[in-house]
Amino acid sequence: MIGPWAGALIGLAAAAPLRAAVVRHAVPYGEPLRLCCPAGRFGRLPAGRCPGCGDRAAGPAPGTVEAVAAAVGAALGLAADPGTAALLCWAGLFGVLLGFVDTAVLRLPDALTLPLAAGTAVLLPFADHRPAVLLRCLLAAAALGLLYGGLALLVPIGLGDAKLAPSLGAVLGLYGWGAVVSGVFAAFLLGGLWGVLLLLTRRAGRGDALPFGPPLLLGALVALLAAL
């Protein structure tokens with residue numbers, strides 16, 4: 001493993017551009033990307049104030065992106081070895097970005113889920129080049145894509161979740177079918193617990209839409225760590 005401290009440092013190093021990307025992509029469906037604060041300018045500091053327009057309210061709360069990126073980096077540092085480090089770093093950083101965007105605007109844009117899938121496909125053979133493992137990753141990606149795609153037609157799960165699921169399935173496929181199944185179970189368990197918590201605290205009503213991307217991502221992380 002590369003270690004939790006190294007992973008946390010990678011997360012912190014990526015926090016500023018991640019905050020910039022969150023602000024850029026956290027816009028309602030059909031609206032253009034926020035261009036005032038391009039990547040590399042917005043969120044140089046944890047306070048997240050744009051040096052161009054001075055706006056801070058548009059971004060996540062101060063310090064949240066940094067804390068989450070460091071925590072995810074530390075967790076993946078426990079799992080990553082020289083072969084899987086690039087793949088887990090790619091998936092982890094995109095996961096932080098997608099989680100914040102989905103929480104803010106209840107959508108997972110194609111501009112993020114599709115590059116994540118493409119990069120995952122490129123990096124998988126470097127993580128494990130054995131044909132049997134790669135076939136399992138491909139099957140796991142297809143299975144989760146079909147599962148969440150079908151659920152999107154029946155329950156309030158968005159198509160963005162269905163487009164995110166194959167990437168997570170491919171990564172979990174490296175660790176076996178048990179990890180894939182555990183990731184699905186953990187996602188629904190965490191999603192249910194989060195929904196109940198929001199209802200009890202009256203931060204959401206029974207008919208309100210809730211983002212499923214964060215439970216989906218966190219469930220995959222929990223399953224990955226449990227498979228080690």
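Here is a short chat about some helix, ring and surface features of this predicted model.

Me: What should I know before we start?
Reply: Residues are numbered from 1 along each chain as its sequence is written, and side-chain values use heavy atoms, without hydrogens and water. As the model is predicted, local features need pLDDT of at least 70 and side-chain atom pairs 80 or more, while totals for chains, interfaces and linings use all residues.

Me: Why is the pair of W90 and F94 called tilted?
Reply: Rings of Phe, Tyr and Trp (its six-membered ring) pair if their centres lie within 6.5 Å; planes under 30 degrees apart are stacked, over 60 edge-to-face, and the rest tilted. W90 and F94 are 4.8 Å centre to centre with 50 degrees between the planes, hence a tilted pair.

Me: How do you know whether F94 is buried or exposed?
Reply: Buried means under 20% relative accessible area, exposed over 50%, and partly exposed in between (1.4 Å probe, protein chains only). F94 has 14%, so F94 is buried. W90 has 30%, so W90 is partly exposed.

Me: And what makes L228 exposed?
Reply: L228 has a relative accessible area of 53%, so L228 passes the 50% cut-off.

Me: What makes Y148 and F212 an aromatic pair?
Reply: Their rings are 6.2 Å centre to centre, within the 6.5 Å limit, and the 45 degrees between the planes makes the pair tilted. Y148 lies in helix 5 and F212 in the loop between helix 7 and helix 8, so the pair ties together parts 64 residues apart in sequence. Helices here are DSSP runs (H or I, at least four residues), numbered from the N terminus.

Technical notes. Helices (H or I, at least four residues) and strands (E, at least two) are DSSP runs, numbered from the N terminus.
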